[in-house]
Amino acid sequence: MGYASLAVVQDQRIVDPEVPALRSARGLELLDRVLAGSGIEPGVPVIELGPSGELPPQQPGSEEDEAAADPLSPLRHAVRLPPRAGRAVPWPDWAAPEVVSAFRTTGVTQPWSHQAEGAEHAHAGRDVVVATGTASGKSLVYQLPVLTRLSTDPRATALYLSPTKALAADQLRALRGLDLEGIRPAALDGDVPMDERDWIRRHSRWIFSNPDMLHRSVLPRHGRWSAFLRRLSYVVVDECHTYRGVFGSHVALLLRRLLRVARRYGATPTIVLASATVARPGEFASVLTGREVRAVTEDGSPSAGRTVALWEPPLLPELTGENGAPVRRPASTESSRMLADLVIEGARSLAFVRSRRGAETTALGARRIVADVDRALVDRISAYRGGYLPEERRELEAALMSGELLGVATTNALELGVDIAGLDAVIVAGFPGTRASFWQQAGRAGRAADEALVVLVARDDPMDTYLVHHPRALIGAPVESCVLDPGNPYVLAPQLVCAAAELPVTPEDVAEVFGGEVAARLLDELVSDGVLRRRPTGWFWPSTREQPAASVDIRGSGLGQVALVEAATGRMLGTVDGASAPGSVHAGAVYLHRGESYVVDELDLEAGVALLHPEEPEWRTDSRSTADVEVVAVHSRSDHGPVSVFFGDVRVTGQVVAYQRRAADGTVLETVPLTMPAQELETRSVWYTIDDAALADAGIDGARIPGALHAAEHAAIGLLPLFAICDRWDIGGLSTALHPDTGLPTVFVHDGHPGGAGLAERGHAVLERWLRATRSAIRDCGCRTGCPSCVQSPKCGNGNNPLDKAGAVRVLDVVLGALRG
């Protein structure tokens with residue numbers, strides 16, 4: 001983070017634990033204004049957290065949280081979080097005086113306790129991850145030891161890695177603001193001209209870059225970077241929780257490659273990682289880096305009080321969705337109205353929405369509403385998203401911080417790395433996928449002395465439904481686990497090829513760096529395929545001219561890329577992963593790029609090209625696909641009476657068969673058939689089987705089994721992200737009344753990536769908790785027979801038919817009863 005917000009929140013009323021922090025009712029006042037906008041009387045019951053931030057004890061024997069005070073109100077729960085005093089500590093004795101002085105000039109008079117603890121580990125050469133809240137000053141944890149080392153050792157260097165160029169640019173800007181001599185920090189990314197890269201390589205002592213640049217440019221040419229790598233003292237990995245799934249598995253192996261090459265030049269850098277709050281951060285960071293990492297998780301920074309409101313938009317009886325399902329008022333519509341109400345109240349507010357187009361339409365809707373009240377407020381509302389010019393973004397950020405702008409609708413572009421804090425209210429239009437992201441966004445609201453308001457507005461989604469009905473699952477609950485699998489053969493094999501091209505891979509490397517037996521087997525296969533050569537000293541890349549890194553996409557599935565080309569001009573807009581192309585850029589698909597809307601004219605998978613033209617239709621498109629799942633290998637099996645649970649390897653054969661045009665409110669306008677080739681995916685899955693007799697005893701006869709299993713499968717896919725940081729689009733599933741490999745009614749949930757990304761394995765580990773949450777999400781939804789908030793899926797190849805909502809609850813009762821028994 002930058003330093004302006006530190007200067008704001010480091011207030012004596014908060015820092016000094018002997019002086020009680022001021023507490024206002026501002027958050028509740030703003031909630032009353034939002035309620036009034038929906039025609040609801042103010043003064044709703046509010047859950048007060050205890051002195052340590054815990055929810056009141058659950059009722060004995062109760063599995064569920066208390067119901068909302070008024071079942072007809074869209075406000076399901078309101079929870080008031082108390083402020084937290086900060087714990088400031090002295091600067092460590094080893095910190096360079098000029099570095100401490102520079103921090104003090106920016107308003108950081110003392111570090112918080114977690115900053116000092118993490119910096120102490122890093123200074124002592126111990127790898128460390130700091131996982132604390134938004135605006136807690138995690139940057140200081142690595143800046144203090146790194147700058148001290150660079151100041152006291154004129155030859156030392158450091159490398160900073162972030163998932164986005166924008167975040168690296170913000171961190172670089174903050175570092176330059178310290179105005180320390182001799183550091184010569186510089187950005188190294190794809191936008192930097194070649195002549196500047198030469199200067200950076202020769203002169204910069206702290207380089208700010210990203211994994212892509214490290215993978216494609218630095219490591220393949222490490223000989224040119226030998227002087228920098230020989231003196232490498234620190235590697236900083238910022239926002240490390242974003243490195244999960246297939247991308248995270250690639251980055252884990254990329255870090256191993258970096259450390260191996262650095263060791264070749266005699267350097268053993270200390271690794272400092274910064275993360276949002278995630279479960280078991282030390283364990284996750286150790287898997288990511290391949291080294292033992294200590295975790296700092298006790299946040300010593302102050303936190304303002306907040307009222308968190310959980311809001312479920314009402315059903316719209318005049319509209320029906322697929323198969324006659326009820327439709328809720330869109331989260332974006334609710335958010336526009338709330339943003340307008342808050343602006344009229346004079347509250348500086350952010351509304352986080354899921355897409356760039358959504359940011360624009362939410363801001364436009366709020367502007368229209370306030371125009372009827374006070375036209376002078378119209379220009380105080382704006383959108384903020386990726387695709388704006390850097391100077392436009394900086395202007396908007398400054399206007400929001402100064403109060404010139406009161407309301408901003410934004411994508412998650414304002415979630416990471418931008419110094420915006422101390423606002424009055426944050427609206428989150430749709431759960432952002434993880435508790436970590438939710439608290440990152442919520443953390444933008446709150447001042448030292450004034451309470452703030454945070455509103456989560458549920459979308460039509462099982463996860464959102466569950467969370468707004470169960471505050472205990474969001475507030476006070478442990479955050480999700482980051483999952484990754486560096487041993488995934490589809491990731492490990494190409495990374496081994498890249499490593500061999502950098503330096504021959506020795507047997508010691510195989511055992512100590514790349515995972516042992518699996519890596520050895522893959523290397524032998526690569527030799528058999530003629531990709532690598534084996535010599536007594538190790539495995540070699542046979543070419544001295546070609547570099548394999550250019551053909552290895554660390555952000556993709558390994559199935560290649562499809563180029564997106566504007567048909568009229570030949571301009572390349574970008575790429576999509578080959579595995580997802582049939583579902584996202586099929587002919588007729590609406591595709592958003594940098595905030596602009598395009599429609600796909602043609603998709604040629606063999607040529608790897610999709611042709612598009614600019615168009616802004618009044619609908620969106622959702623693809624429909626079918627799948628068959630074949631069991632390849634069972635790694636784990638447990639029997640629980642009538643229910644058996646499995647984890648193993650599967651082969652998924654999928655095919656996109658149609659797409660739907662949907663209006664903004666979710667209404668299906670048209671279903672268009674498609675003829676697309678089938679795709680085969682080798683991945684991992686968790687699945688369970690149930691005896692027919694147990695289903696019959698639960699009142700589910702043969703005719704109801706397909707719909708009941710289908711509904712349970714859909715809802716389970718929607719709830720798995722509650723336990724593993726992922727998106728429902730990273731997961732697939734299949735349910736059948738009689739599977740040929742099991743001979744029984746079966747439900748599969750599988751990873752959507754070749755080799756798996758650890759998601760199904762995580763689901764297997766937390767199966768009972770996961771299915772209990774799934775049952776609650778279905779049961780608590782206000783619809784009668786099933787809707788997108790519970791059992792309907794936006795990607796169902798069968799058109800969400802058949803679905804039996806009541807049957808799904810009974811199926812899950814059988815499974816959960818067996819698991820408990």
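Trainee: Are helix 9 and helix 11 oblique or parallel to each other?

Mentor: Two packed helices are described by the angle between their axes and the distance between those axes. The model here is predicted, with local features requiring pLDDT of at least 70, side-chain atom pairs pLDDT 80 or more, and totals for chains, interfaces and linings using all residues. Residues are numbered from 1 along each chain as its sequence is written, and side-chain values use heavy atoms, without hydrogens or water. Helices are DSSP runs of H or I with at least four residues, strands are E runs of at least two, and both are numbered from the N terminus. Axes are lines fitted to C-alpha atoms, for helices over the stretch in contact, with angles from 0 to 180 degrees between N-to-C directions. Helix 9 (residues 211-218) and helix 11 (residues 245-264) have axes that come within 10 Å and cross at roughly 50 degrees. The two are therefore oblique to each other (under 35 degrees is roughly parallel, over 145 roughly antiparallel, 65 to 115 roughly perpendicular, the rest oblique).

Trainee: Which residues in helix 9 and helix 11 meet?

Mentor: Contact means heavy atoms within 4.5 Å. From helix 9, P211, L214 and H215 meet V251, L254, R257 and L258 of helix 11. These contact residues comprise five nonpolar, one polar and one charged (nonpolar: Ala, Val, Leu, Ile, Met, Phe, Trp, Tyr, Cys and Pro; charged: Asp, Glu, Lys and Arg; polar: the others, Gly among them).

Trainee: How many helices and strands has the protein?

Mentor: The protein has 26 helices and 30 strands. Of the contacts with a separation of 6 or more, 73% join residues 24 or more positions apart.
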